[in-house]
Amino acid sequence: MLSLAPLFFGFAMRSPTTIHTTMGAAVGVQRSAGVQLSGLPIDCKGKVAFVAGVADSSGYGWSIVKHLAAAGATVVVGTWPPVLGIFEKSLKSGKLDEDLILPDGTKMDPPKIYALDATFDYPEDVPEDVKTNKRYAGVGSYTISEVADQVAKDYGKIDILVHSLANGPEVQKPLMQVSRNGYLAASSASAYSMVSLAQKFGPHMNKGGAILALSFVAAERVVPGYGGGMSSAKSQLESDMRVLSFELGRAYGLRINTISAGALKSRAASAIGGARGEKTYIEYCIDYSEANAPLQRTLEADDVGAAAAFLCSPLAAAITGVNLYVDNGIQVMAASIDAASFQGYKFSYPFDTPGMPK
Ligand code: NAD
(Lines give C-alpha, C1' and ligand atoms only; values in the text may rest on other atoms or scores of the structure.)
Protein backbone atom coordinates (compact mmCIF):
# COMPACT_ATOMS: atom_id res chain seq x y z
CA MET A 1 0.00 0.00 0.00
CA LEU A 2 1.37 3.41 -0.89
CA SER A 3 1.94 5.82 1.93
CA LEU A 4 -0.41 8.73 1.53
CA ALA A 5 1.43 11.99 1.68
CA PRO A 6 0.41 15.44 2.75
CA LEU A 7 -0.51 17.05 -0.49
CA PHE A 8 1.19 20.31 -1.09
CA PHE A 9 2.33 22.64 -3.74
CA GLY A 10 5.36 23.82 -5.51
CA PHE A 11 7.12 27.00 -4.69
CA ALA A 12 9.68 29.68 -4.23
CA MET A 13 9.56 33.18 -2.93
CA ARG A 14 9.49 35.89 -5.50
CA SER A 15 8.38 39.43 -5.87
CA PRO A 16 6.41 40.05 -9.04
CA THR A 17 9.48 41.27 -10.85
CA THR A 18 12.38 39.63 -9.08
CA ILE A 19 13.06 36.16 -7.85
CA HIS A 20 14.71 36.73 -4.49
CA THR A 21 15.43 33.16 -3.57
CA THR A 22 14.51 29.61 -4.36
CA MET A 23 14.20 26.67 -2.07
CA GLY A 24 14.22 24.03 -4.86
CA ALA A 25 15.61 20.97 -3.12
CA ALA A 26 14.27 18.76 -5.88
CA VAL A 27 16.66 17.94 -8.67
CA GLY A 28 15.84 19.49 -12.03
CA VAL A 29 13.30 22.07 -10.94
CA GLN A 30 13.08 24.81 -13.54
CA ARG A 31 12.51 28.41 -12.64
CA SER A 32 9.59 29.48 -14.80
CA ALA A 33 10.20 32.26 -17.27
CA GLY A 34 7.43 34.48 -15.98
CA VAL A 35 4.05 35.02 -17.50
CA GLN A 36 3.90 37.26 -20.55
CA LEU A 37 0.62 38.91 -21.42
CA SER A 38 0.72 38.87 -25.19
CA GLY A 39 -1.21 37.25 -28.02
CA LEU A 40 -4.80 36.74 -26.90
CA PRO A 41 -5.29 39.78 -24.71
CA ILE A 42 -6.73 39.79 -21.22
CA ASP A 43 -8.55 43.09 -21.55
CA CYS A 44 -9.74 44.78 -18.36
CA LYS A 45 -9.53 48.34 -19.73
CA GLY A 46 -12.10 50.63 -18.14
CA LYS A 47 -12.68 48.25 -15.25
CA VAL A 48 -12.14 49.00 -11.58
CA ALA A 49 -10.81 46.33 -9.22
CA PHE A 50 -10.65 46.20 -5.43
CA VAL A 51 -8.07 43.74 -4.07
CA ALA A 52 -8.42 43.02 -0.35
CA GLY A 53 -5.32 41.77 1.48
CA VAL A 54 -2.29 43.60 0.10
CA ALA A 55 0.43 44.94 2.38
CA ASP A 56 3.72 44.12 0.65
CA SER A 57 5.02 42.73 -2.62
CA SER A 58 5.77 39.16 -1.52
CA GLY A 59 2.26 37.69 -1.58
CA TYR A 60 -0.35 36.68 -4.09
CA GLY A 61 -2.36 39.90 -3.68
CA TRP A 62 0.41 42.06 -5.09
CA SER A 63 0.83 39.91 -8.17
CA ILE A 64 -2.93 40.00 -8.76
CA VAL A 65 -2.83 43.79 -8.50
CA LYS A 66 -0.06 43.93 -11.09
CA HIS A 67 -1.70 41.54 -13.52
CA LEU A 68 -5.02 43.35 -13.35
CA ALA A 69 -3.19 46.67 -13.86
CA ALA A 70 -1.26 45.17 -16.79
CA ALA A 71 -4.62 44.15 -18.28
CA GLY A 72 -5.71 47.79 -18.10
CA ALA A 73 -7.81 47.87 -14.92
CA THR A 74 -7.72 50.64 -12.33
CA VAL A 75 -6.73 48.77 -9.17
CA VAL A 76 -7.20 49.84 -5.56
CA VAL A 77 -6.37 47.79 -2.49
CA GLY A 78 -7.60 47.08 1.02
CA THR A 79 -4.87 46.87 3.68
CA TRP A 80 -5.12 45.61 7.27
CA PRO A 81 -4.62 48.58 9.66
CA PRO A 82 -1.79 46.95 11.69
CA VAL A 83 0.39 46.83 8.56
CA LEU A 84 -0.95 49.90 6.77
CA GLY A 85 1.76 52.30 8.00
CA ILE A 86 4.65 50.11 6.94
CA PHE A 87 3.09 49.44 3.53
CA GLU A 88 2.52 53.14 2.87
CA LYS A 89 6.07 53.88 3.98
CA SER A 90 7.51 51.20 1.67
CA LEU A 91 5.61 52.67 -1.28
CA LYS A 92 6.55 56.27 -0.47
CA SER A 93 10.23 55.52 0.10
CA GLY A 94 10.56 53.85 -3.30
CA LYS A 95 11.40 50.49 -1.73
CA LEU A 96 8.76 48.84 -3.91
CA ASP A 97 9.55 50.78 -7.10
CA GLU A 98 10.99 47.76 -8.88
CA ASP A 99 7.90 45.78 -7.98
CA LEU A 100 5.69 48.36 -9.71
CA ILE A 101 7.19 47.59 -13.13
CA LEU A 102 4.67 45.86 -15.42
CA PRO A 103 5.56 43.18 -17.98
CA ASP A 104 5.65 45.77 -20.80
CA GLY A 105 8.31 47.75 -18.88
CA THR A 106 6.03 50.59 -17.82
CA LYS A 107 5.66 51.47 -14.16
CA MET A 108 2.20 51.29 -12.65
CA ASP A 109 1.01 54.00 -10.29
CA PRO A 110 1.03 52.85 -6.66
CA PRO A 111 -2.51 51.64 -5.93
CA LYS A 112 -4.84 53.78 -3.81
CA ILE A 113 -5.03 52.18 -0.38
CA TYR A 114 -8.10 51.80 1.82
CA ALA A 115 -7.67 50.68 5.42
CA LEU A 116 -9.66 47.45 5.81
CA ASP A 117 -10.15 45.07 8.69
CA ALA A 118 -12.15 42.22 7.21
CA THR A 119 -13.23 40.92 10.61
CA PHE A 120 -15.58 43.90 11.08
CA ASP A 121 -18.72 44.48 9.03
CA TYR A 122 -20.10 47.71 10.56
CA PRO A 123 -18.62 50.47 12.79
CA GLU A 124 -20.69 49.27 15.75
CA ASP A 125 -18.90 45.86 15.57
CA VAL A 126 -15.53 47.36 16.49
CA PRO A 127 -14.67 46.88 20.16
CA GLU A 128 -13.37 49.81 22.19
CA ASP A 129 -9.86 48.39 22.63
CA VAL A 130 -9.48 48.09 18.85
CA LYS A 131 -10.91 51.57 18.20
CA THR A 132 -8.39 53.11 20.54
CA ASN A 133 -5.46 50.91 19.54
CA LYS A 134 -2.70 53.10 18.11
CA ARG A 135 -2.55 51.07 14.90
CA TYR A 136 -6.27 51.70 14.27
CA ALA A 137 -6.82 55.18 15.65
CA GLY A 138 -6.52 57.76 12.87
CA VAL A 139 -6.69 55.41 9.87
CA GLY A 140 -10.30 56.38 9.12
CA SER A 141 -13.12 53.94 8.38
CA TYR A 142 -12.02 50.34 7.98
CA THR A 143 -15.09 48.09 8.37
CA ILE A 144 -16.24 46.23 5.26
CA SER A 145 -19.51 48.17 4.82
CA GLU A 146 -17.76 51.53 5.19
CA VAL A 147 -15.00 50.62 2.72
CA ALA A 148 -17.53 49.33 0.17
CA ASP A 149 -19.49 52.60 0.43
CA GLN A 150 -16.32 54.69 0.17
CA VAL A 151 -15.04 52.82 -2.88
CA ALA A 152 -18.48 53.28 -4.51
CA LYS A 153 -18.33 56.99 -3.71
CA ASP A 154 -14.83 57.29 -5.20
CA TYR A 155 -15.24 55.08 -8.29
CA GLY A 156 -18.93 54.35 -8.80
CA LYS A 157 -19.70 50.74 -9.59
CA ILE A 158 -16.68 48.46 -9.69
CA ASP A 159 -16.10 45.31 -11.76
CA ILE A 160 -13.66 43.09 -9.89
CA LEU A 161 -13.38 42.12 -6.23
CA VAL A 162 -10.51 39.96 -4.98
CA HIS A 163 -10.26 38.37 -1.53
CA SER A 164 -6.58 37.62 -0.91
CA LEU A 165 -6.41 37.47 2.88
CA ALA A 166 -6.35 34.95 5.66
CA ASN A 167 -5.65 34.95 9.36
CA GLY A 168 -5.60 32.11 11.86
CA PRO A 169 -4.24 33.06 15.29
CA GLU A 170 -3.75 29.39 16.26
CA VAL A 171 -2.50 28.17 12.87
CA GLN A 172 0.32 26.22 14.53
CA LYS A 173 -2.06 24.13 16.63
CA PRO A 174 -3.56 20.87 15.36
CA LEU A 175 -7.34 20.74 15.28
CA MET A 176 -7.26 18.52 18.38
CA GLN A 177 -5.81 21.44 20.34
CA VAL A 178 -7.39 24.50 18.78
CA SER A 179 -9.65 26.60 21.01
CA ARG A 180 -13.17 27.64 20.07
CA ASN A 181 -12.02 31.25 19.85
CA GLY A 182 -9.05 30.38 17.66
CA TYR A 183 -11.20 28.29 15.33
CA LEU A 184 -13.90 30.94 15.02
CA ALA A 185 -11.33 33.70 14.54
CA ALA A 186 -9.81 31.80 11.60
CA SER A 187 -13.24 31.31 10.11
CA SER A 188 -14.25 34.94 10.66
CA ALA A 189 -11.09 36.47 9.16
CA SER A 190 -10.53 33.95 6.38
CA ALA A 191 -14.00 32.79 5.27
CA TYR A 192 -16.87 34.97 6.49
CA SER A 193 -14.82 37.98 5.37
CA MET A 194 -15.36 36.84 1.77
CA VAL A 195 -19.12 36.45 2.29
CA SER A 196 -19.30 39.89 3.87
CA LEU A 197 -17.24 41.49 1.09
CA ALA A 198 -19.59 39.91 -1.47
CA GLN A 199 -22.65 41.18 0.46
CA LYS A 200 -21.39 44.73 0.80
CA PHE A 201 -19.67 45.16 -2.57
CA GLY A 202 -22.22 43.14 -4.63
CA PRO A 203 -24.72 46.01 -4.95
CA HIS A 204 -21.83 48.29 -5.99
CA MET A 205 -20.66 46.01 -8.81
CA ASN A 206 -21.49 46.11 -12.52
CA LYS A 207 -23.34 43.21 -14.10
CA GLY A 208 -20.78 40.83 -15.61
CA GLY A 209 -18.32 41.61 -12.81
CA ALA A 210 -16.19 38.98 -11.09
CA ILE A 211 -15.23 38.03 -7.55
CA LEU A 212 -12.23 35.86 -6.75
CA ALA A 213 -10.88 34.38 -3.51
CA LEU A 214 -7.70 32.46 -2.78
CA SER A 215 -7.93 28.99 -1.31
CA PHE A 216 -5.59 26.15 -0.49
CA VAL A 217 -5.72 22.37 -0.99
CA ALA A 218 -6.08 21.94 2.79
CA ALA A 219 -9.75 22.76 2.15
CA GLU A 220 -10.14 19.27 0.71
CA ARG A 221 -7.28 17.11 1.95
CA VAL A 222 -5.11 16.75 5.01
CA VAL A 223 -2.13 19.08 5.13
CA PRO A 224 -0.39 18.41 8.46
CA GLY A 225 0.98 21.62 9.98
CA TYR A 226 -1.73 23.88 8.52
CA GLY A 227 -3.77 24.06 11.70
CA GLY A 228 -5.82 26.38 13.86
CA GLY A 229 -9.00 25.68 11.91
CA MET A 230 -7.49 27.24 8.79
CA SER A 231 -8.28 24.08 6.79
CA SER A 232 -11.88 24.40 7.97
CA ALA A 233 -11.93 28.07 6.94
CA LYS A 234 -10.67 27.23 3.45
CA SER A 235 -13.37 24.53 3.12
CA GLN A 236 -15.96 27.13 4.06
CA LEU A 237 -14.48 29.56 1.57
CA GLU A 238 -14.82 27.07 -1.30
CA SER A 239 -18.30 25.95 -0.29
CA ASP A 240 -19.49 29.54 0.12
CA MET A 241 -18.03 30.38 -3.28
CA ARG A 242 -20.24 27.70 -4.88
CA VAL A 243 -23.39 28.85 -3.08
CA LEU A 244 -22.63 32.48 -3.86
CA SER A 245 -22.11 31.67 -7.54
CA PHE A 246 -25.85 30.96 -7.65
CA GLU A 247 -26.95 33.80 -5.39
CA LEU A 248 -24.70 36.46 -6.96
CA GLY A 249 -25.39 35.23 -10.47
CA ARG A 250 -29.12 35.54 -10.00
CA ALA A 251 -29.06 38.75 -7.97
CA TYR A 252 -26.47 40.83 -9.82
CA GLY A 253 -25.19 38.83 -12.80
CA LEU A 254 -21.83 38.48 -11.03
CA ARG A 255 -19.39 35.57 -11.22
CA ILE A 256 -17.36 34.15 -8.33
CA ASN A 257 -14.50 31.62 -8.32
CA THR A 258 -11.62 30.49 -6.14
CA ILE A 259 -8.01 29.71 -7.01
CA SER A 260 -6.48 26.90 -4.97
CA ALA A 261 -2.92 28.17 -4.96
CA GLY A 262 0.32 26.32 -4.37
CA ALA A 263 2.74 27.14 -1.58
CA LEU A 264 4.41 30.55 -1.76
CA LYS A 265 6.81 32.13 0.68
CA SER A 266 4.65 35.15 1.43
CA ARG A 267 4.80 37.11 4.66
CA ALA A 268 1.67 35.38 6.01
CA ALA A 269 2.90 31.90 5.08
CA SER A 270 6.31 32.56 6.62
CA ALA A 271 4.60 33.20 9.96
CA ILE A 272 3.04 29.72 10.09
CA GLY A 273 6.01 28.10 11.73
CA GLY A 274 9.79 27.91 12.17
CA ALA A 275 12.11 29.92 14.36
CA ARG A 276 14.09 32.86 13.02
CA GLY A 277 17.07 31.63 11.05
CA GLU A 278 15.63 28.12 10.76
CA LYS A 279 13.96 26.58 7.76
CA THR A 280 10.30 27.57 7.98
CA TYR A 281 7.20 25.45 7.50
CA ILE A 282 6.42 27.09 4.16
CA GLU A 283 9.96 26.35 2.92
CA TYR A 284 9.43 22.67 3.72
CA CYS A 285 6.13 22.82 1.81
CA ILE A 286 7.81 24.38 -1.19
CA ASP A 287 10.56 21.77 -1.23
CA TYR A 288 7.96 19.03 -0.85
CA SER A 289 6.05 20.29 -3.85
CA GLU A 290 9.10 20.76 -6.01
CA ALA A 291 10.15 17.19 -5.24
CA ASN A 292 6.76 15.63 -5.93
CA ALA A 293 4.62 17.76 -8.28
CA PRO A 294 3.95 16.68 -11.87
CA LEU A 295 5.46 19.92 -13.19
CA GLN A 296 9.12 20.40 -12.29
CA ARG A 297 9.08 24.17 -12.30
CA THR A 298 9.06 26.76 -9.58
CA LEU A 299 5.62 28.15 -8.84
CA GLU A 300 5.61 31.92 -8.75
CA ALA A 301 3.15 34.48 -7.46
CA ASP A 302 2.77 35.53 -11.09
CA ASP A 303 1.32 32.13 -11.99
CA VAL A 304 -1.59 32.96 -9.70
CA GLY A 305 -1.65 36.62 -10.79
CA ALA A 306 -2.09 35.63 -14.42
CA ALA A 307 -4.78 33.02 -13.67
CA ALA A 308 -6.58 35.60 -11.51
CA ALA A 309 -6.51 38.20 -14.28
CA PHE A 310 -7.99 35.64 -16.69
CA LEU A 311 -10.75 34.58 -14.27
CA CYS A 312 -11.69 38.21 -13.61
CA SER A 313 -11.66 39.19 -17.29
CA PRO A 314 -14.37 38.94 -19.95
CA LEU A 315 -12.51 35.90 -21.36
CA ALA A 316 -13.96 33.94 -18.42
CA ALA A 317 -17.50 35.31 -18.87
CA ALA A 318 -19.08 31.85 -18.53
CA ILE A 319 -16.93 30.61 -15.64
CA THR A 320 -18.45 30.77 -12.19
CA GLY A 321 -18.55 28.44 -9.19
CA VAL A 322 -15.15 26.98 -10.07
CA ASN A 323 -12.13 26.17 -7.91
CA LEU A 324 -9.07 26.40 -10.16
CA TYR A 325 -5.81 24.75 -9.04
CA VAL A 326 -2.72 26.82 -9.76
CA ASP A 327 -0.14 24.63 -8.07
CA ASN A 328 2.05 22.84 -10.65
CA GLY A 329 -0.38 19.93 -10.27
CA ILE A 330 0.68 18.77 -6.80
CA GLN A 331 -2.93 18.25 -5.71
CA VAL A 332 -3.34 15.22 -8.01
CA MET A 333 -0.58 13.26 -6.25
CA ALA A 334 -1.62 10.72 -3.61
CA ALA A 335 1.90 9.48 -2.96
CA SER A 336 5.11 11.41 -2.51
CA ILE A 337 7.93 9.92 -4.52
CA ASP A 338 10.53 11.33 -2.14
CA ALA A 339 8.92 9.78 0.97
CA ALA A 340 11.34 8.06 3.33
CA SER A 341 9.21 4.92 3.02
CA PHE A 342 10.00 4.76 -0.70
CA GLN A 343 13.75 4.99 -0.18
CA GLY A 344 15.41 2.19 -2.11
CA TYR A 345 12.48 1.61 -4.46
CA LYS A 346 13.41 2.01 -8.12
CA PHE A 347 10.59 3.90 -9.84
CA SER A 348 10.26 3.22 -13.56
CA TYR A 349 10.76 6.84 -14.46
CA PRO A 350 12.00 9.13 -15.85
CA PHE A 351 10.43 7.07 -18.60
CA ASP A 352 12.46 5.85 -21.49
CA THR A 353 10.31 7.75 -23.99
CA PRO A 354 11.32 8.86 -27.48
CA GLY A 355 12.28 12.52 -27.40
CA MET A 356 12.54 12.64 -23.61
CA PRO A 357 15.79 14.27 -22.52
CA LYS A 358 18.02 11.84 -20.58
P1 NAD B 1 0.04 37.82 2.27
O2 NAD B 1 0.74 38.07 3.54
O3 NAD B 1 0.55 38.53 1.05
O4 NAD B 1 -1.50 38.17 2.36
C5 NAD B 1 -2.30 38.00 3.48
C6 NAD B 1 -2.89 39.36 3.75
O7 NAD B 1 -3.99 39.24 4.68
C8 NAD B 1 -1.89 40.31 4.42
O9 NAD B 1 -1.78 41.48 3.64
C10 NAD B 1 -2.54 40.64 5.76
O11 NAD B 1 -2.27 41.93 6.20
C12 NAD B 1 -4.00 40.45 5.41
N13 NAD B 1 -4.90 40.30 6.57
C14 NAD B 1 -4.77 39.51 7.65
N15 NAD B 1 -5.81 39.68 8.49
C16 NAD B 1 -6.62 40.63 7.91
C17 NAD B 1 -7.83 41.26 8.29
N18 NAD B 1 -8.45 40.96 9.43
N19 NAD B 1 -8.37 42.19 7.47
C20 NAD B 1 -7.76 42.53 6.31
N21 NAD B 1 -6.61 41.95 5.89
C22 NAD B 1 -6.04 41.02 6.70
O23 NAD B 1 0.06 36.25 2.08
P24 NAD B 1 -0.46 35.26 0.95
O25 NAD B 1 0.11 33.95 1.36
O26 NAD B 1 -0.18 35.76 -0.41
O27 NAD B 1 -2.01 35.20 1.23
C28 NAD B 1 -3.01 35.65 0.32
C29 NAD B 1 -4.07 34.57 0.18
O30 NAD B 1 -3.49 33.45 -0.49
C31 NAD B 1 -4.62 34.05 1.51
O32 NAD B 1 -5.99 33.78 1.40
C33 NAD B 1 -3.86 32.73 1.67
O34 NAD B 1 -4.53 31.80 2.50
C35 NAD B 1 -3.85 32.28 0.22
N36 NAD B 1 -2.89 31.19 -0.07
C37 NAD B 1 -1.59 31.32 0.24
C38 NAD B 1 -0.72 30.26 -0.03
C39 NAD B 1 0.75 30.38 0.30
O40 NAD B 1 1.44 29.34 0.30
N41 NAD B 1 1.27 31.56 0.57
C42 NAD B 1 -1.19 29.07 -0.61
C43 NAD B 1 -2.54 28.98 -0.92
C44 NAD B 1 -3.39 30.05 -0.65
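This is a predicted model: local features need pLDDT of at least 70, side-chain atom pairs count only at pLDDT 80 or more; totals for chains, interfaces and linings use all residues.
Two residues count as in contact here if their C-beta atoms, placed from the backbone, lie within 7 Å.

**The chain as a whole**

- The protein chain runs to 358 residues, and 47% of them count as buried.
- Take the contacts between residues at least 6 apart in sequence: 80% of those join residues at least 24 apart.

**The sheet**

- Seven strands make up an open sheet, and their order is S4-S3-S2-S5-S6-S7-S9. The pairing is parallel.
- Strand S4 (112-115) and strand S9 (323-326) sit at the edges with a single partner strand each, so one side of each has no neighbour in the sheet.
- On average, neighbouring strands of this sheet are turned by 20° against each other, if you ignore direction.
- As background, strands of a sheet pair through backbone hydrogen bonds, either parallel or antiparallel.

**Strand by strand**

- S3 and S4 are joined by four bridges in the parallel sense. Threonine 79 has alanine 115 of S4 standing opposite.
- To get from S3 to S4, the chain passes through helix H2 (residues 81-93), and this β-α-β crossover is right-handed.
- Strand S2 (residues 48-52) pairs with S5, again parallel, over four bridges. Here alanine 49 has isoleucine 160 in S5 as its bridge partner.
- S5 (residues 158-163) also runs parallel to S6, with five bridges between them. Isoleucine 158 is set opposite methionine 205 in S6.
- Between S5 and S6 the chain goes by way of helix H5 (residues 180-201), in a right-handed β-α-β crossover.
- On to the next pair: six bridges link S6 with strand S7 (residues 255-261), and the two run parallel. Serine 215 has serine 260 in S7 as its bridge partner.
- S6 and S7, together with helix H6 (residues 230-252), form a right-handed β-α-β unit.
- As for cover, strand S6 (residues 205-215) is mostly tucked away, with eight of its eleven residues buried.

**Helices on the sheet**

- Helix H4 (residues 144-155) lies across S2, strand S3 (74-79), S4 and S5. Its direction is at about 150° to S4.
- H6 packs on the sheet too, where it touches S6, S7 and S9. The direction of H6 makes about 160° with that of S7.

- The C-alpha atoms of aspartate 117 and glycine 78 are separated by 8.3 Å, although the two residues are 39 residues apart along the chain.
- Asparagine 133 belongs to the loop between helix H3 (128-131) and H4. Asparagine 133 has 13 other C-beta atoms within 10 Å, so this one is partly exposed.
- Asparagine 133 and proline 82 are 51 residues apart in sequence, yet 9.5 Å apart in space from C-alpha to C-alpha.
- Asparagine 328 is in the segment after S9. Its phi is near 60°, a positive value in a residue other than glycine.
- Asparagine 328 counts as buried because there are 24 C-beta neighbours inside 10 Å.

Notes: Residues are numbered from 1 along each chain as its sequence is written. A residue is buried if 20 or more other C-beta atoms lie within 10 Å of its own, exposed if 12 or fewer, and partly exposed in between; C-beta atoms are placed from the backbone. Two strands pair if DSSP finds at least two bridges between them. A crossover is right-handed if, with the strands pointing away from the viewer, the path from the first strand over the helix to the second runs clockwise. Axes are lines fitted to C-alpha atoms, for helices over the stretch in contact, and angles run from 0 to 180 degrees between N-to-C directions.
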